[in-house]
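Hi,

Here is the structure I said I would pass on. Have a look at it first, and my notes follow below.

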Amino acid sequence: MDSTDWVWFSPLQPPFAVAGFPWLQTEGKYRRLPVNPPYAVPAAVDALANHTAGGQIRFVTDSSRLAVRVRLAGPANMYHMAATGQCGFDCYEEWEGKLIYRATTQLSPAVSEYEALLFENGSTAPRQIVLNFPLYQGVEEVSVGLEPGASVWAPPAYEGPGRIVVYGTSITQGACASRPGMCYTNLLSRRLNREFINLGFSGSGKGEPELSRIIATIPDVACLVLDYEANSVTPELYAQTLPEFIRIFREARPETPVLVLSRIPFARQKFDEEASRQQETRKKMQIELVRSLRAAGDQNIYFHDGEKLLLHHGQECFVDGIHPTDLGFMQMADGLEPVLRTILKKS
């Protein structure tokens, strides 16, 4: 595509709005944690914070065509995840009042810079556009290309106040969605019309107290979802980190709803009695912890059984026995949507 046929905009400038990066306005970087965290975090978490899972560019335009120009921190390098999910953007366009999927960037897995046409010959009516950031790579720079003469307006406000923060694992981060919009936090963001902050850290979301302290500094949190059981190492360690994580958050946010989400069932559990036993041990601990906290007066803490999110124990929902396909993420969003709606309605 010829770049001279486009007018390029930085989404960091109004009227564009960028969601999913709590420290963007003060630091100007597409990053999920502060550049210099106020509390020490593991090196792996600090590096993964540069991955842009959950980020969204939102705006209204009358342009009949749309493109992006992207500079990544590196090329695609995952054997079990499509480059479009790891390094690509996808596009949702307003149609009859709803956001529906429109296109995904085409890119070579070997490149760390690309320009991609998302659509042309489209509508010239003003309508909302949402671009979802890559899930498993950093974005150093992105520009939005519109046709010359097109107008841009600010996007409509989200339906409800407050952000939903989800802290968790590689699954939370979006492995192995085929494109960014299929990560379960992005699915829920569209369905609930809310901003989601995706704090999934692949293999590294282990419930460190420093992460709870950092999360507690994020303004306007409407709900915190704790989805890190899959990285909890052992039932014994999880029984130590989870109560402490909640206690630290509660000191700063005594009324914010907290949802403890147990792990989805992995494929091997059907064949591994010990793995199944450990998951039952962890789940029992979570249920008892939430029950005890509610009995002590915390009526804003909840538990949901992640094993119920995947139909038929999830046997057809995995890429590698652990990470969901798009089908698995759809089922997770289907199960979590009514749970979150109920919690947000009460708060």
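Let's start with glycine 138, which is buried at 4% relative accessibility (buried means under 20% relative accessible area, exposed over 50%, partly exposed in between, with a 1.4 Å probe and protein chains only). Before going further: this is a predicted model, where local features need pLDDT of at least 70, side-chain atom pairs count only at pLDDT 80 or more, and totals for chains, interfaces and linings use all residues. Residues are numbered from 1 along each chain as its sequence is written, and side-chain values use heavy atoms, with hydrogens and water left out.

Back to glycine 138: its C-alpha is 7.7 Å from that of tyrosine 30, although 108 residues separate the two in sequence. Beyond its neighbours within four places in sequence, glycine 138 is in contact (heavy atoms within 4.5 Å) with Asn50, His51, Leu72 and Ala73.

Glutamate 307 is buried too, at 16% relative accessible area. Its side chain makes a polar contact with the side chain of lysine 283, at 2.6 Å (a pair of N or O atoms within 3.5 Å; within protein, one must be able to donate a hydrogen and the other to accept it, and residues adjacent in sequence count only if both atoms are side-chain atoms).

Now the cysteines. The whole structure has zero disulfides (pairs of cysteine sulfur atoms within 2.5 Å). For cysteine 176, the nearest cysteine sulfur is that of cysteine 183, 11 Å away.

Cheers
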